[in-house]
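Trainee: I am new to this structure. Please show it to me, and then I will ask about it.

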Amino acid sequence: MTKHRVVLISGDGIGPEVAGATRAVLAAAGAPLEWVERHAGITALDECGELLPEETLSAVREHGIALKGPCTTPVGEGFTSVNVQLRRRLNLYVAVRPIRNLPGVPTRYEGVDLVVLRENTEGLYSGIENEITEGVVTSLKVATEKACTRVSRWAFDYVRRRGRHKITVMHKANIMKLSDGMILRCARKVHDASFSDVPYEEVIVDAGCMRLVQDPTKFDVLLLENLYGDVISDLCAGFVGGLGVVPGANIGDESAIFEAVHGSAPDIAGKDIANPLALLMSAVMMLNHLSETRGDARCHDAAERVKAAYDRALREDDKTRDLGGRLGTKAFADAVIERL
Ligand code: NAI
């Protein structure tokens, strides 16, 4: 039987450690995958002299699917984010981030089952910043009808396909009437035209943050423009155990890149203490995506086995330090492999 060729971008910082652990689990689970290794980020700069080599982009275009570790971006100076570039150049217009409580990971909140959908290609992440004159800078927030409509359509379709209950659009259109107003107008139009059966609400993002923190179980699927989606994803990660347990996917019409919500965590890189679970969970999402889009039941089976194995490991208290356990990155991968 053929294997699916998947581009693997290990990334920077803890990326190679969590990618190595994820690979080991997937191999032990018999996932029908063949890795095509490519670089991006600081690692690519060292290896190929470029942050985002053309051969990485063309490999993702060719195979249509990638698993990616985090890439470092310097703060306040230096190059444009490789992650933002990848999403924009490959037109991966929606980021999907499921946020759920995990067995054996008690937190202040129970029963959390949220999905954050983030517009991934525009907003303030367009990177159009200028120094008008010394001491005065501007940053342009871009909102197009095209991008807001396509992400809205994808979101409503997702709710219906997955049997979810409700979409909440979070915005600040009371202040940014045109730019944040755009996603509202587009979401309303898509809702009224084709998805009027899907419950839909609009919440101003600051009040939405307060309501989320009071009771995240009141929400189901959140649709946000790029910056709010980035911030709210990390906020919601805090409900279920932190950045070590939140997976993600960047999806477009031609390709998809699966990656954890967390970054390259330079503070813990190279110490074998990072939690590989978020990337492993992203790999499970990837296997399910392969099963749905290519009709390969073997991918679904492997996804189910991996999920059952990490759920058991957590329930039996085999956890990494960020979750109050004692295992390192490799030892956690071994604990999952033992339970496959
Ligand atoms: P971060 O997510 O890397 O780390 C925030 C905190 O969470 C740190 O204390 C870190 O140790 C902890 N943490 C993150 N992942 C963890 C894991 N798997 N296991 C245990 N603890 C974990 O965010 P930060 O520090 O703001 O960013 C570091 C770098 O990562 C920056 O250069 C940033 O631009 C980049 N970044 C890349 C992303 C991507 O490639 N998709 C996403 C977010 C940030």
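Mentor: First, a term. Rings of Phe, Tyr and Trp (its six-membered ring) pair if their centres lie within 6.5 Å; planes under 30 degrees apart count as stacked, over 60 as edge-to-face and the rest as tilted. This is a predicted model, so local features need pLDDT of at least 70, side-chain atom pairs pLDDT 80 or more, while totals for chains, interfaces and linings use all residues. Residues are numbered from 1 along each chain as its sequence is written, and side-chain values use heavy atoms, without hydrogens and water.

Trainee: Which residues do ring pairs link into a cluster?

Mentor: The structure holds four aromatic pairs. One of them joins F156 and Y200, with 5.8 Å between centres and 45° between planes, so it is tilted. Ring pairs link into a cluster F156, F195 and Y200.

Trainee: Is F156 buried or exposed?

Mentor: Buried means under 20% relative accessible area, exposed over 50%, partly exposed in between (1.4 Å probe, protein chains only). The relative accessible area of F156 is 0%. F156 is therefore buried.

Trainee: How many of the 18 residues of α9 are buried?

Mentor: Helices are DSSP runs of H or I, at least four residues, and strands are runs of E, at least two, numbered from the N terminus. Helix α9 covers residues 277–294. It is largely enclosed by the rest of the structure, because the buried residues number 14 of the 18.

Notes:
The expected span of a helix is 1.5 Å times one less than its number of residues.
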